[in-house]
Amino acid sequence: MASSNASVPNNEGSAAPAAAPKPPTEEMANLHLDEVTGEWVSKTELKKRQKQRQREADKAAKAAAAPKPTAKPKVAGGDEEKDLNPNQYYEIRTRHVAELLKNPETNPYPHKFQVTYDDSKFHEEFRHLKSGETCPERELRIAGRIYNKRASGSKLIFYGMLFFHTAVAQNVKEGALPFEKQHENIRRGDIIGIVGFAGRTNPKNRQAEGKEGELSIFATEIVLLSPCLHMLPSVRFPFSDSEQRARMRYLDMLWNDKTRQILWQRSRMVRFIREFFHQRRFVEVETPMMNSIAGGATALPFITHHNDLDMDMYLRVAPELFLKKMIVGQFGKVFEIGKNFRNEGIDLTHNPEFTSCEFYWAYADVYDLMSLTEELVSSLVKELTGSYKTTFTTQHGETFEVNWEAPWRRVEMIPELERVTGEKFPPYDQLHTEETNQFLQRLCKKMNVECPPPLTNARMIDKLTGEFIESTCINPTFILNHPQMMSPLAKYHRDQKGLCERFEVFVCKKEIANAYTELNNPFDQRLRFEEQARQKAQGDDEAQLIDESFLHAMEYGLPPTGGWGLGIDRLAMFITNNYSIREVIAFPFLREEKTAPKEKFAAEIANVQPLPEEGIRSVGLQCPGGARPAGGHHRNTGHNLTFRPAMPPPNDDSAP
């Protein structure tokens, strides 16, 4: 039997459409046919469906009537990358630059761009321009790094540089690449060359506020000189972690203005010191960085090895002994600014590799050096900061107001220790004895001063001085007249036996300079070296060895001499208000970085294949007549070469 909704043949013989299924008769009065779906539904459901269909139809009609969005101008390239993380940006940018390298016409690393203008003078020279004024008759050719990039439509791009803003309009120089081609490959961080002219913008918003426009360079040509593959720091990805800044110092320098300012100030400081000594007829010299004996200061040295001579060498801890040899050699005034190396701890004020300035002045003594020190440092601070007064903030937030103006405070070491401890010290000429050692151990225990072993007299006095005298030195202070056994190279005091003519300068509780009347008696100097050797035998690794070469030089006669050393890094810390020595050194020493996943190199990402390696094999050298030399000297390189007996040529099947 056929169902009630089966098709029924019509008069033309075709099948009629199937009728909608009908509900039972008793429900027909409450249901309505949905003509779209063919279903029988309630009146409420039908109205709901009809309203929904109407809304969808209206939405589609509105979308059809709306204008189609235009593609973003190509010159605003880079905006589509703003939501990427640094790793994604690096991969995309690397592949992009690798593609540019394939075409000589788009080479992003050109050999040369002629720079003809000093951009640091830009604001000073063109600040007279008013809003809307330009200077097109003078072409400027400059180069620099892009720190910001902003597009204003398809015909204007603004590049923010270090010393100026560059407004780029669509006025392309004749013969140059089209506007879009010049800018489509440029991103923030790239180094570009700019050809253009000076002018001042005239934006409407600044006009309304009565302000002048931005002094800019209106570029007629932009050349990509070196692309930056990495994303520069931003608000989303800041660059402020101190450890990261120290490890990526190059990025710290290019991104943080303060870092550059500190290093510029340090450079000015070194230049001032150098000119100060030149004006006083000191001769600047250079002395060895390596020696067979680490002398000139009480410090633990670094050891290296000379392979050819098969001997251990020491990196210098101070240039003192060599500079005094030059005084023996008739150089009356010498100075050296250079590196020293001490195998000691790393902290906020110590770096294993540091810079010092040392000078030696024949016929001067410690009192001449104090006057010269006050003159040099106070005038240096005045020149660099414009005042004798500076501010220094410690790592704990403690702030010191420092007055560098001469004269400076002077404190005698032993009398001051007697005053603060309430104990009478043994006679000065007995400070080196075993009885004094027992006295100092009792005193350290009484004053709750802990001195790490070995407990030599010199180390304990130095520790007490640090606790009770150095801690009071905020303004520059001379600490005078050290015990002789603390200063093996200083001359004995002319009035107080057992002491020597020496001073140290402390500022904000830290040492910045050390000086003394030099010991020039070779007999006394040998005894001092022997005392140092005894201290080393007791376990003091920092004590000095006997330098026979220096003693022999002294036997030719060292005139009465004043010697002086200044820590460049320390002084820079106080002048620039930085409590960490890392901040004033371009590339500070760092502990080995913990193992971390390494990102791929740019060559790996771009799939750059290495160049084929040259096959190298040993080739025998033979002199005329068949003789084979055992050794020789290469006239071009100056290297000593050992010639080995000539070997027979390899068989064909063994040739590389």
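Where is the place of Thr 134? I looked it up first in this predicted model and found Thr 134 in strand 3, which covers residues 134-145.

**Entry on Thr 134**

I checked how open this residue is. Thr 134 has a relative accessible area of 38%, so I wrote it down as partly exposed. Next I listed its contacts, leaving out residues up to four places away in sequence: Thr 134 touches Phe 197, Ala 198, Gly 199 and Phe 218. I then followed up on Phe 218, which is 84 residues from Thr 134 along the chain, with 8.4 Å between the two C-alpha atoms.

**Entry on Glu 470**

I moved on to a charged residue. Glu 470 sits in the loop between helix 13 (457-468) and strand 18 (477-480). Is Glu 470 buried or exposed? I found Glu 470 buried, and without a salt bridge. Lys 510 has the nearest side chain of opposite charge, and it is 7.3 Å away. Setting aside residues up to four places off in sequence, I noted that Glu 470 touches Thr 465, Ile 479, Phe 506 and Lys 509.

**Entry on a pocket**

How much space lies in the second largest pocket? I noted about 980 Å³. Its lining has 27 residues, and those nearest the centre are His 230, Met 248, Tyr 250, Leu 251 and Glu 599. Helix 2 (86-101), helix 6 (242-247) and helix 7 (249-255) are the elements that give two or more residues to this lining. I also sorted the lining of the second largest pocket by class, and got 18 nonpolar, 3 polar and 6 charged residues.

Notes: Residues numbered from 1 in each chain as written. Predicted model: local features only at pLDDT ≥ 70, side-chain atom pairs only at ≥ 80, totals over all residues. Heavy atoms only, no water. 1 Å grid on protein atoms, 1.4 Å probe; cavity = no way out; pocket = protein on both sides within 12 Å on 5 of 7 lines; lining within 4 Å. Points joined across faces, edges and corners; volume = space filled by probe spheres on them. Helix = DSSP H or I, 4+ residues; strand = E, 2+ residues; numbered from the N terminus. Nonpolar A, V, L, I, M, F, W, Y, C, P; charged D, E, K, R; others polar. Buried < 20%, exposed > 50% of the residue type's maximum accessible area, 1.4 Å probe, protein only. Lys, Arg positive; Asp, Glu negative; His and termini not counted. Salt bridge = Lys/Arg side-chain N within 4 Å of Asp/Glu carboxyl O. Contact = heavy atoms within 4.5 Å.
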